[in-house]
Amino acid sequence: MTVRLFALAIMAFGLLPLAAQADDFAFARRLYLDKAQCSYCHGWAADGAGEPQSNGGAASLRQSHLNRDQLIEVIMCGRPATPMPHFDEQAYTDKRCYGMSEADLGGQTPALPPGATLQRREVEAIADYLLAKVIGRGPISREECEEMFGAGARSCATYPLK
Amino acid sequence: MKTKFTAALALAGALLAGASPAGAADVTFERLTNPEPHNWLMVHHDYSAQRFSKLDAINKANVKGLKLKFAVAIGGSSPNEALEATPLVEDGFMYVIDGWGTVYKIDVRSGTHGRILWKMDPGQERYGRHRGVALWGNLVISTTGKDGRIIATDKETGKIVWDKNLRDQPEVELNSAPLALKDDLIVGASGGDQGVRNWIASLDPKTGNVKWKTFSVPAPGEPGSETWKDKNNAWQTGGGAFYVTGSYDPQTNLTYWGSGNPAPGYDASHRPGDNLFTSSAIAFNVANGKMEWYFQYTPNDNRDYDETGTHILIDTKVNGEDRKIVTHPGRNGFNYTFDRVNGQFLKAGQYVGKVTWTKGIDPKTGKPVDYDPTKDFQLYAEPANVNADKTTRRVCPDQSGGNNFWPSSYSPKTQMLYIPSVEGCSDITPDHSAHVKGKFAGGTYVNPDRLTSGIVVVDPTTGTQKSRKDLPYPNSAGVLATAGGIVVTALLDGTIVALDDETLEQLWTVNVGTGFNAPPMTYAVDGKQYIAIASGLWRNAKGKLTRSPELRTHSQATMIWVFGL
């Protein structure tokens, strides 16, 4: 009995790193879909296919050439003169973003996101997720869709398996 | 036993309020045609979509005493939830749907609290917008957004009776409330802006089987296909959504729906021609799904001026003659009136404060005066190149209207239409590459300035504006008018107001701290009248507050609020 329990403990311990690995981006996905609602404009797969009632014209991040620092900057600061909002609550209250404040930019100042703003560590998590799982990934697959919506999701059935 | 039954009948005749769940009556075609004043049995209240209630217990004289009676939290299982549905009430029981397609039955008989009796969770995979449910027989009929399913739930038990999948295209979306008729459930499909070829269908209410299905965009060779002059099969992704429930005339068996814009919405270069039957009023024959007549409001639109908002049926006099009319506050800023039997255009009049896209509507044809039928691309009158980048154009009203899914109300008492009108403009930048799968908007827009709104009183028989009341924030809720002489509406900042239906004087107001993009409705239990409304802004409505910086920290809660005296 003790031996069996011990064996189970070893198995469970051995499995832990794997489970943690599979879960690496769960936090970032939750931010992407729910807290920051990036998906509203960029689409769940970040291909630019957002909700039809969004402002439209959101970038496809799958083809993004931005590096980690640039991704973080765009998420924190938004893009002036476009609907991309700034997720740093204090952006444009001083010159932390592109060296400009709201007084410099006027009507071109990016808006606050309609949902929640983000902390820097959250923005970093989203950038790391985009670099690891989205940018340069190629066509959307059922595998990727199920990573987002869970195994067996009906709405993933229209995508090719891999 | 017989005596008890007779007594129950008598009570029902007086005011059927305290019906026990076990004895709840079926919702018959007769009841839907002549709804009891204390009930609200379909999304637009009645088949004519007037959203007018005969209840007058709450009225001009006493509405200042209106107070919150109770509230019910809806959803709460995920962030960023929103409610766009009109609650239905039948004999003291409320039916409402949330963004997960979950249907709630709430016991509101006490007048002091609402108790959720059951929830039907369809397992919808992605959060969406739902504008209401339908009642038919002993069933509650609901939609599941991008899951593309229609579900019939037993009104008493909350158990699913049938569940039909109508998802014929990956991006198709079902968010308007179904329209329950005698032997038909009319369902409108949307998702048009994502490159969906939209349709309207009739289902057998007993089984959910499809009886007929008619597309808003014709296939090659079908009537209207000559107005799609492209060589890239734009018809397959042509749009023409039906995201607001239509109206119905039992005498002619015609149902009237407004269709959405052509897709890609902001870029007409992909789809030269008038793009029938998008941005149109369409009368469908319920017997077979055939179009009996249509009228296209804005041919070859490229400002997202779809016309899916309510088409309101009124029997009245026009120029001294008895006419059966249909009237429609257009997203494009004009109110239009037609003879609903033959589709003859009668009147149009501007109701929004500012229109720049056209110089006006031709009083004979109903078309924009700058419409040129010989051209493949309609330029109309918009000022070009208002911004430095040369491609952006400013259009008024805002791309979302004017008026949209937030419905107007017609009061037979004043014979006036009360239009919740959004005032403002948008800067649209077309993108000629945005017409591929997954990226179909054809461009992008921003609101350059603050948006506001008004309640505009329009005489539908002349098209003329009688008066207006300006309000400080945009309206995405809609209007309720009642025999008590009040007009109720709500704004994105969480304010509800009751106005005098003649003077538009503000008689009562409250701010609940969460925004409204669902319409107000009213019902009565035991002779006591209540006004109910769902709160919680959808992302798009929140975006309309981008230029209202004082609301930048505004938060949302999905609740049903119930007010009474």
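These are my notes on a predicted model, covering the contact of chains A and B, a helix in chain A and a sheet in chain B.

**Chain contact.** I looked up which residues take part where the chains meet. Chain A puts in 24 residues and chain B 28 residues. I then sorted the chain A side by class: eleven of its residues are polar, nine nonpolar and four charged.

**Helix α2, chain A.** I went through residues 26-35 of chain A, the span of α2, for burial. A:Ala28, A:Leu31, A:Tyr32 and A:Leu33 are buried there. Next I asked what covers these buried residues of α2(A). The cover includes two helices of chain A, α3 (38-42) and α6 (120-133). I also checked the backbone past the helix: α2(A) is followed by A:Gln37, which has a positive phi, near 50 degrees.

**Sheet in chain B.** I traced the strand order and found an open sheet of four strands, β19-β20-β21-β22, with antiparallel pairing. At its edges lie β19 (312-318) and β22 (345-350) of chain B, each of which pairs on one side only. I noted the twist as well; from one strand to the next it averages 30 degrees.

**One strand pair.** I followed β20 (residues 321-329) and β21 (residues 334-339) of chain B, which pair in the antiparallel sense over five bridges. Which residue of β21(B) is the bridge partner of B:Val326? I found B:Phe338 in that place.

Definitions and conventions: Residues numbered from 1 in each chain as written. Chains lettered and ligands numbered in written order. Predicted model: local features only at pLDDT ≥ 70, side-chain atom pairs only at ≥ 80, totals over all residues. Contact = placed C-beta atoms within 7 Å. Nonpolar A, V, L, I, M, F, W, Y, C, P; charged D, E, K, R; others polar. Buried ≥ 20, exposed ≤ 12 C-beta atoms within 10 Å, placed from the backbone. Pairing = 2+ DSSP bridges. Axes fitted to C-alpha atoms, helices over the stretch in contact; angles between N-to-C directions.
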